[in-house]
Amino acid sequence: AAERTKDVSAEPPVLPAFDYAPPAYTGPSGDEILAKRKEYLSPSILHFYKSPLNVVEGRRQYLFDENGRRYLDGFGGIATVCCGHGHPDVVAAIVEQTKRLQHSTVLYLNHAVTDFAEALASKLPGNLKVAFFTNSGTEANELAMMIARLYTGCHDIISLRNSYHGNASGTMGATAQSIWKFNVVQSGVHHAVNPDPYRGVFGSDGKKYARDVQEIINFGTSGNVAAFISEAIQGVGGIVELAPGYLPAAYDIVKKAGGLCIADEVQSGFARTGHFWGFETQGVQPDIVTMAKGIGNGIPLGAVVTTPEIAKVLTHRSYFNTFGGNPVCTAAGLAVLKVIEKEKLQENAFVVGSHLKDRLNALKDKYELIGDVRGKGLMLGVELVTDRELKTPAKDETLHVMDQMKELGVLIGKGGYYGNVFRITPPLCFTKEDADFLVDAMDYTLSRM
Ligand code: PLP
């Protein structure tokens, strides 16, 4: 069937027009930077492409390389650049605040911090209104788990297999993919069966998967737990949407066992899914929400938001963070919220994301190699398999397609435990034309394999 519908004679797709060209770049070449990177930067740093891109400038949904070549950014700095690269309002907020005061500390007052905390609270449901600012998603999740342990007096935490929650000791323990774990002592963490509709044993029956949460509590704990932590859509794990009905059922079970429910919104928050928060897609009300990435459009910022009652456990505790809640970062955060509103980015993520998903599903009908298309809004995944029945991961093909798409001018990410899922998480100002270009570039590449 795939053979019949291939159109290998098509011309390569052309990038949509864009009214900006960067000034000539005069810095060191990509080769020079790569040599320095190899000598002076940790070898743990990865890049996906055969020859890594020297990115010198970004404007909205586009990146420019050292030769002034423009690329459509379909990865958004790993789901981080939500308003678009170099958004003028975000830049202005950062510059203004930097001129006034670059750094404050929790010992003093500063309105850039409280204004943002107030605005953030207005975006959260229920009584979720007390924020603690951090520098990253890892720190936010570490703190959330600590708060849950202090509040409940329990140590056990349940997270999902295939999840990613960070790279410090507690969050690395909660993370459940071997490729992201290094000699970690997994204190009190239990990993529940992943409610993955594509690869999971119960298909799309969320309630059946939730039974495993009860089993863990019955047979792996004293009957009480501190918390359940979960992404609404797993990002690093390969854009895995949790089976419908899973979170409400799991939350019920956890609450009955005295635990708090933590929503890790580091990737799925800030309008990315076409909803403001990913957890809204499953209709649940978490006790603690953690966030980072999109919150500052790329500026290092994270947050834990919870209820006043739960936040009380931190009263007069010497828990402190030098840079978390830096006024420059919170000024950026406030500007991000305003841009999302002003430019209707949440609505755009929904409309453009739906169009993009429809077009990707049409590609799935055309190419056997595409096993699954999933996700919501502008958080989409395309899983490549060499055998649809066996779901054999097509890892080499994934890298090849990414490289070829880069040559055509579009950058996407990859992930999933087997490294065979395209992750499409562009800036939320992505247009329908951009979406069409991305799919045409994928189609053109797949047609030549
Ligand atoms: N939680 C999720 C869902 C993430 O995707 C990530 C990072 O990718 C983290 C937490 C950790 O965030 P950070 O890299 O800012 O520490």
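This is a short tour of a predicted model, one selection at a time.

**Before you start**

Residues are numbered from 1 along each chain as its sequence is written. Because the model is predicted, local features need pLDDT of at least 70, side-chain atom pairs count only at pLDDT 80 or more, and totals for chains, interfaces and linings use all residues. Helices (H or I, at least four residues) and strands (E, at least two) are DSSP runs, numbered from the N terminus.

**Stop 1: strand β14**

Select residues 379-387. This is strand β14. Seven of its nine residues are buried, so the rest of the structure largely encloses β14. Buried means that 20 or more other C-beta atoms, placed from the backbone, lie within 10 Å of the residue's own.

Two strands pair if DSSP finds at least two bridges between them. Find D372: it stands opposite E383 in β14. The two strands form a hairpin with two residues between them. In that turn, G377 has a positive phi of about 55°.

Next, show residues 421-424, strand β18. β18 pairs with β14 over four bridges, in the antiparallel sense. Here V382 stands opposite F422.

Finish with residues 392-393, strand β15. β15 and β14 are antiparallel too, over two bridges. P393 in β15 is the bridge partner of V385. This hairpin has four residues between the strands, and K391 takes a positive phi near 55°.

**Stop 2: the seven-stranded sheet**

Which order do the strands of the open sheet follow? Trace β4-β12-β11-β10-β7-β5-β6; the pairing is mixed. β4 (130-134) and β6 (189-192) stand at the edges. Each has a single partner strand, so one side of each has no neighbour in the sheet. From one strand to the next, the twist averages 20°.

Zoom in on β5, residues 157-160. β5 pairs with β6 in the parallel sense, over four bridges. L160 stands opposite A192 in β6.

**Stop 3: two helices**

Select residues 137-152, helix α6. α6 lies across several strands, including β4, β5 and β12. It runs at about 25° to β12. Such angles run from 0 to 180 degrees between N-to-C directions, with axes fitted to C-alpha atoms, for helices over the stretch in contact (C-beta atoms, placed from the backbone, within 7 Å).

Last, select residues 246-256, helix α9. Its buried residues include Y246, L247 and V254. What covers them includes β5, α8 (206-220), β7 and β10. Just after α9, G258 takes a positive phi of about 80°.

How values were computed:
A residue is buried if 20 or more other C-beta atoms lie within 10 Å of its own, exposed if 12 or fewer, and partly exposed in between; C-beta atoms are placed from the backbone.
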